[in-house]
Structures are given as C-alpha cells and as structure tokens.
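Hello,

Here is the structure I promised to pass on to you. Have a look at it first, and then read my notes below.

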Amino acid sequence: MQAEDRVIHFCVELIHQPSPFNRAALQQLYFDLSKTRANYDSIEVNEAGQARFYSNRGQAQSILLFLPDRALVIEEWADLALSDFEEKVRVIMPRLGEARQIDRFMVHAATIRSTFALTHFTDSRVFLLDAACGLSGHITPHFQRPVATGGLRFVLPETPEHAGALHVNIESFRHGTDEVFVEVKGVYGKQPVMAGQGEEVIRDIRLVRQFVSERVYAFLQQFDHPSGSDA
C-alpha cells in the first residue's frame, strides 16, 4: 500500500448554543474574511435557518456553513494543504464568535477523508471484503446483487489515554477501484472551547490526521500483500 494517502476532505464542526441569524453581522463577517486568507467568493443568507459562504475552484469547494446551532468549515475535494486549512480555522473561529454572539463551542468535531492506493490489489472491494474480512463467496449467494461499495465501520470511544470519540469508516472508493476510501471523524465534547481558542481545535485536527496516516494505514497495510492479490 502506498504510504502517502490523498486527502480529499477537511471539515471542522463547531457546535454552540442555538442563536438566531443576524444578516448584517454575517455580511460583516464575510467582508472581514475577504481581507484574510480565509476569504470566500460568494455569500448566501437564508434567514429560515441556513447561511453559507463559498468558493468553487473546479471540483474543489470551500464552504463556511452556518446552521442555528453550529458552523462548519469545509473543504470538499480539497486542493489545499492541512496547514492552510488550519490557518482558515485559526482566522475564522474568533470572528465567528463575534458574528454569532457566542463565546464558546460546547462540542467540536474534526473530519478527514482520504484515499490510500493499493499495491497488490486492483479492486478495493475484493481487498476489503475478501482479504480483510474473509467474506469471499459469502455475499452474493445471499444478496444476489453486485456490490458497488462495501467496507467497515468502527466507533472508538474516548479513553483516559485518548481524547475524543473516533468514528472510522473504511470503504471501497467508487471514484477509483484501486483506492480505499477512509473517513475519520473525531468528536470532542468533554470541555467547551472558547471562541478564541482555535489552537485547541487545530490540535484535534492534527490528532485525527495522525490517526489516519499512522493507525488506519497500519491496519490496512497488513492485508495488502501479494499472497491475497486479485491482480
């Protein structure tokens, strides 16, 4: 398996006490961000319950999504480095507190999606379902349909040694048959984070990234060997 994965999605979710939208405050936030590296090209404000700032760069999208009780900083089909995403979070968090009239986030979550390229398999479905799970010959006779995608899901609870609960999805990647799709979401709610404490959230983004690149990689690597190859 290729040691370097391809990150395709970053997301930070910041959950706070419900607060009504203030259109003028959001427009001011949009203007303030336009003078920073966390700028966006367009704004939509729907007072019924949702607003967003966004930029489109071909397939890549940058979104700052507002819901009544949370904000999400999203990079979809990401074309920027983790350090650039961290800088966005660092810039946005304190300004977000001012615009939404909140001083803290009760829960925050960090999500990273990436893909790992296989070395000894050409079909990630065979790799996951047959090599990793030992399900060869046990699926089709019962479902009697082809499998488009398949995979594994784990929930790893918080422990005294490890902060945050991790939700781990590992699936075959429908956009590339020889790649494995990985999503890890870390949820952190033991202690509120003040709006100005972006470094605490960035620390947890890095922990999720480390879990993907080290722990998930090691888990998958043990199955990607020639003896079980479908190639």
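**What I found**

The protein has five helices and eleven strands. Please keep in mind that this is a predicted model. Taken along the principal axes, the C-alpha atoms fill a box of roughly 60 × 45 × 35 Å. The protein has 231 residues, and 44% of them count as buried. As for contacts between residues at least 6 apart in sequence, 66% of these join residues at least 24 apart.

**Pockets**

The largest pocket has a volume of about 330 Å³. Its lining is made up of 15 residues, and those nearest the centre are His162, Ala163, Leu166, Leu207 and Phe211. Which element gives the most to this lining? That is helix H5, residues 198–221, which supplies six residues. Sorted by class, the lining of the largest pocket comprises eight nonpolar, four polar and three charged residues.

The second largest pocket holds about 190 Å³ of space. Ile8, Glu76, Trp77 and Arg113 are among the residues that line it, together with Thr149 and Phe181. The run Glu171, Ser172, Phe173, Arg174 and His175 also belongs to the lining of this second pocket. By class, this lining has four nonpolar, three polar and four charged residues.

Ser124 lies in helix H3, which covers residues 124–132. Is Ser124 buried or exposed? With a relative accessible area of 1%, Ser124 is buried, because buried means under 20%. Setting aside neighbours within four places in sequence, Ser124 is in contact with Leu118, Ser172, Phe173, Thr177, Glu179 and Val180.

Ser55 sits in strand E3, residues 50–57. Ser55 counts as buried too, at 6% relative accessibility. A polar atom of the Ser55 side chain lies 2.8 Å from the backbone nitrogen of Asp41. Asp41 is also one of the residues in contact with Ser55 once neighbours within four places in sequence are left aside; the others are Asn39, Tyr40, Ala60, Gln61 and Ser62.

**Ile74 and the cysteines**

Ile74 is part of strand E5, which runs over residues 70–76. Its relative accessibility is 12%, so Ile74 counts as buried. Not counting residues up to four places away in sequence, Ile74 touches His9, Phe10, Cys11, Gln61, Ser62 and Ile63. Gln61 and Ser62 are contacts of Ser55 as well. Ile74 and Ile15 are 59 residues apart along the chain, and their C-alpha atoms are separated by 14 Å.

Cys11, one of the residues that Ile74 touches, is buried at 10% relative accessibility. What about Cys133, buried or partly exposed? Cys133 has a relative accessible area of 30%, so Cys133 is partly exposed. How many disulfides does the structure hold? There are zero.

**Where to look**

Happy browsing, and do write back with your thoughts.

Best wishes

Terms used. Residues are numbered from 1 along each chain as its sequence is written. This is a predicted model: local features need pLDDT of at least 70, side-chain atom pairs count only at pLDDT 80 or more; totals for chains, interfaces and linings use all residues. Side-chain values use heavy atoms; hydrogens and water are left out. Helices (H or I, at least four residues) and strands (E, at least two) are DSSP runs, numbered from the N terminus. Buried means under 20% relative accessible area, exposed over 50%, partly exposed in between (1.4 Å probe, protein chains only). Contact means heavy atoms within 4.5 Å. A polar contact is a pair of N or O atoms within 3.5 Å; within protein, one must be able to donate a hydrogen and the other to accept it, and residues adjacent in sequence count only if both atoms are side-chain atoms. On a 1 Å grid over the protein atoms alone, a cavity is a set of points where a 1.4 Å probe fits but cannot get out, and a pocket is an open set with protein on both sides within 12 Å along at least five of seven lines; lining residues have an atom within 4 Å of a point. Grid points are joined across faces, edges and corners, and a volume is the space filled by probe spheres set on the points. Ala, Val, Leu, Ile, Met, Phe, Trp, Tyr, Cys and Pro count as nonpolar, Asp, Glu, Lys and Arg as charged, and the others, Gly among them, as polar. A disulfide is a pair of cysteine sulfur atoms within 2.5 Å.
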